[in-house]
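Here is a short briefing on one protein fold. It covers strand pairing, helix packing and the nonpolar core.

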Amino acid sequence: MHKVISFYRYVTLDTPKAIRKDISERCKELKILGRILVGEEGINGAVCGEEKDIVVFQSFLESYFQDLTYREQSVKNQAYHKLVVRVRKEI
C-alpha cells in the first residue's frame, strides 16, 4: 500500500539550495516521487511512496521543518511518475 502526503510550512530558510539537495537525495533513496518546492519562505510539496518509506521521510522532513502541516491519503499504487524538487522564489 502507498501513501500520498501533501505538506507545507512557512519558515525563513537561509540555504534553500542545500536543503533541496538533501531532500532530493532522501527521496531517491526511499523511492518517493512527487513535487516539492523549497524557497526562502519555506516548503510546499506532495509526494507518494510506500507507507513505511513515507513515515521515514516525514521524520526526515521534521528534522528541518518542525510543525509541518500534513494531509494524508492511502492509495493502491504510486500516484506520481517522477520526482521534482525545485528552489523557487515563492512556494
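E2 and E3 form an antiparallel pair, joined over seven bridges. Within that pairing, Val38 sits opposite Ile43 of E3. The model is predicted.

**Sheet**
- Five strands make an open sheet with mixed pairing, in the order E4-E1-E3-E2-E5.
- Strand E4 (69–75) and strand E5 (83–87) hold the edges; each has a single partner strand, so one side of each lacks a neighbour in the sheet.
- From one strand to the next, the twist averages 10°.

**Helices**
- H1 lies across E2, E3 and E5, and runs at about 170° to E5.
- H2 also packs on the sheet, where it touches E1, E2, E3 and E4.
- The direction of H2 makes about 160° with that of E3.

**Nonpolar core**
- How many residues does the largest nonpolar core have? It has 19.
- The residues with the most contacts inside this core are Phe7, Ile23, Ile36, Ile43, Val47 and Phe57.
- Strand E1 (2–10), strand E2 (33–39) and strand E3 (42–50) each supply at least two core residues.

**Ile43**
- Which residues does Ile43 touch, leaving out those up to four places away in sequence? Among them are Phe7, Tyr8, Arg9, Ile23 and Ile36.
- Ile43 also touches Leu37 and Val38. Val38 is the residue that stands opposite Ile43.
- Further along the chain, Ile43 has contacts with Leu61, Phe65, Leu68 and Ile91.

Definitions and conventions
Residues numbered from 1 in each chain as written. Predicted model: local features only at pLDDT ≥ 70, side-chain atom pairs only at ≥ 80, totals over all residues. Heavy atoms only, no water. Core = buried A, V, L, I, M, F, W, Y, C linked by side-chain atoms within 4.5 Å. Buried < 20%, exposed > 50% of the residue type's maximum accessible area, 1.4 Å probe, protein only. Helix = DSSP H or I, 4+ residues; strand = E, 2+ residues; numbered from the N terminus. Contact = heavy atoms within 4.5 Å. Pairing = 2+ DSSP bridges. Axes fitted to C-alpha atoms, helices over the stretch in contact; angles between N-to-C directions.
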